[in-house]
Amino acid sequence: MTYSIPKDFLWGGAVAAHQLEGAWQADGKGPSIADVMTAGANGIPRQITDGVKADKFYPNHEAIDFYHHYKDDIKLFSEMGFKSFRTSIAWTRIFPQGDEEQPNEAGLRFYDELFAECHKYGIEPIITLAHFEIPYHLVKKYGGWRDRRVIDFFIRFATTVFKRYKNQVKYWMTFNEINNQTNYKEQFLMATDSGLVLEPDDPESEALMYQAAHYELVASALAVKIGHEINPEFKIGCMLNVSPLYPATCKPADAFQALKAMQRRYWFGDVHALGRYPRHMEAFFKANGLRPDITAEDRVVLKEGIVDYIGFSYYNSSTVAAQENNPEFHFVGSEAAQENPYLTTSDWGWPIDPLGLRYSLNWLADHYHKPLMIVENGLGAKDEVTAEGKIHDDYRISYLKAHIQAMKDAIEKDGVSVIGYTPWGCIDLVSAGTGQMSKRYGFIYVDRDDKGNGSDKRLKKDSFYWYQKVIKTNGSDLG
Ligand code: BG6
């Protein structure tokens, strides 16, 4: 047993198809929910339009045109020394509507070529099956994941890509940040996680969320089982957004609120990793008249489809205080949220808390006893390009440095098993939350602005060279 970063550690970077590929109609691709999302801004939510409207701007349609730049971009990743590259397969390239019988060969070919390009440089692809991009047709015709039939469509998609990339992809994840929808009052999160397009304050939103989430969890478990039958070497994980909830004070009611909020947000991990609903959720359903359609067969499927590892994103921690008007501890996200006076925030108001990453790693290790992979982490910030074409992003370096140090502490001092670290948006891309380009995470700058103007030229930031050194020294030189 060694308590250090393993030699085969999966250093790399992460992206998602809809946020960088562009080419939204190329080679037979159909529209996804991401293709009907307009651009928002800091504090201005993105709108979900009823179909694509000629007078609206949809930043994901072109994104950074990775579809036509991927060879050069992967070359840049290899220059940084990437051992892995996390991306997603756009479901709508493979099944443009989502409910067809036969896949789209041109879409499959794109990923053949993309994965071959990764392997050319010894880069291991890590693939998310559903990253906020359910086919729009499934949203319109079936109402998204509220309909059990969507499980079959997803399984057809998963089986197709598992078979096709059986020898090219070993690491998979099922649903990106599946637990975001816990915050069921946020229309955007319901739409991206589950394709549930709802009116604000829809009284059914909580019940629909539990139903949709259950069908996704069944689909995930079935995919794990089928994937292992197709290739027993596959490592198939889940993907949670982890933002640990701290109590605002040591008042017992605040501490208990934080505990209940953790239960409400992270029970998805229990289903994925332990194969069952935790008792606190079953009790909550009963006490609150929530009756999701969970069959005895579903419960067997959940047991048979336990994930191999826990993939998770970590950006920040959250803080909550007791809510007298919420005695049953429904998860109400931002309504219970408090500012944490001990933390600074990013330009977009996200708290910066490296110790929260060590906390999260410990919490996940204690609960699930599975290998962990940090598949997203990073700082969304504005970058300035100097007259010489340089980007001095020391703020990004200091954020990442502190978080990698926290990960090392968890590995070395707490004995947590971590198998990879893929910081988010390793190349600048369209923000999921705001649709902006100016909220940049990358080591590689892309010349494109919030309105879609720019040359798409790629430039190496200072963090590019810094991360290259981190990988080269296997994390021992954080400079
Ligand atoms: C995660 C998502 O929520 O955070 C990504 O998996 C997203 O898709 C990332 O881009 C950062 O969020 P944002 O809103 O800054 O893009």
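1. In this predicted model, an N or O atom in the side chain of glutamate 177 lies 2.5 Å from an oxygen atom of the ligand.

2. The surroundings of the ligand may be described as a whole. The shell comprises 14 residues, of which the closest are Gln19, Glu177, Glu376, Lys439 and Tyr441. By residue class, the shell contains six nonpolar, five polar and three charged residues.

3. The largest nonpolar core has 146 residues, and within it Trp145, Phe154, Trp172 and Met407 have the most contacts. Helix H8, residues 205-230, gives the most to this core, contributing 13 residues. Another core, of eight residues, lies apart from it; its members include Tyr171, Met173, Met239 and Tyr309.

4. Most residues other than glycine have a negative phi. Alanine 23, however, has a phi near 45 degrees, a positive value, and alanine 63 likewise has a phi near 45 degrees. Alanine 23 is located in the loop between helix H1 (17-20) and helix H2 (66-80), and alanine 63 is found in the loop between H1 and H2.

5. Are these two alanines buried or exposed? Alanine 23 has a relative accessible area of 14% and is therefore buried, the limit being under 20%. Alanine 63 is buried as well, with a relative accessible area of 1%.

6. The model contains 26 salt bridges. Side chains of opposite charge can pair when their charged atoms come close. One of these pairs joins aspartate 35 to lysine 29, with the closest N and O atoms 3.0 Å apart. Both partners are buried: aspartate 35 has a relative accessible area of 3%, and lysine 29 has a relative accessibility of 11%.

7. A second salt bridge links arginine 109 and glutamate 105, at 3.7 Å from N to O. Where do these residues stand relative to one another in helix H4? They are four residues apart in helix H4 (residues 105-120), so about one helical turn separates them. Arginine 109 is partly exposed, with a relative accessible area of 40%, and glutamate 105 is also partly exposed, at 37% relative accessibility.

8. The salt bridge between glutamate 282 and arginine 299 has an N to O distance of 2.8 Å. Glutamate 282 belongs to helix H10 (residues 279-287) and arginine 299 to helix H11 (residues 296-304), so the pair ties together parts that are 17 residues apart in sequence. Glutamate 282 is partly exposed, at 29% relative accessibility, as is arginine 299, at 35%. Elsewhere, salt bridges that share partners join Asp383, Asp393, Arg396, Asp428, Arg440 and Lys461 into one network.

9. Two positions illustrate how sequence separation and spatial separation relate in this model. Glycine 13 lies in strand E1 (residues 10-14) and is buried, with a relative accessible area of 0%. Between glycine 13 and leucine 222 there are 209 residues of separation in sequence and 28 Å in space, C-alpha to C-alpha.

10. The C-alpha atom of lysine 472 is 8.5 Å from that of methionine 80, although the two residues are 392 residues apart along the chain.

Notes. Residues are numbered from 1 along each chain as its sequence is written. This is a predicted model: local features need pLDDT of at least 70, side-chain atom pairs count only at pLDDT 80 or more; totals for chains, interfaces and linings use all residues. Side-chain values use heavy atoms; hydrogens and water are left out. A residue is near a molecule or strand if one of its heavy atoms lies within 4 Å of it. A polar contact is a pair of N or O atoms within 3.5 Å; within protein, one must be able to donate a hydrogen and the other to accept it, and residues adjacent in sequence count only if both atoms are side-chain atoms. Ala, Val, Leu, Ile, Met, Phe, Trp, Tyr, Cys and Pro count as nonpolar, Asp, Glu, Lys and Arg as charged, and the others, Gly among them, as polar. A nonpolar core is a set of buried Ala, Val, Leu, Ile, Met, Phe, Trp, Tyr and Cys residues joined through side-chain atoms within 4.5 Å. Buried means under 20% relative accessible area, exposed over 50%, partly exposed in between (1.4 Å probe, protein chains only). Helices (H or I, at least four residues) and strands (E, at least two) are DSSP runs, numbered from the N terminus. A salt bridge is a side-chain nitrogen of Lys or Arg within 4 Å of a carboxyl oxygen of Asp or Glu.
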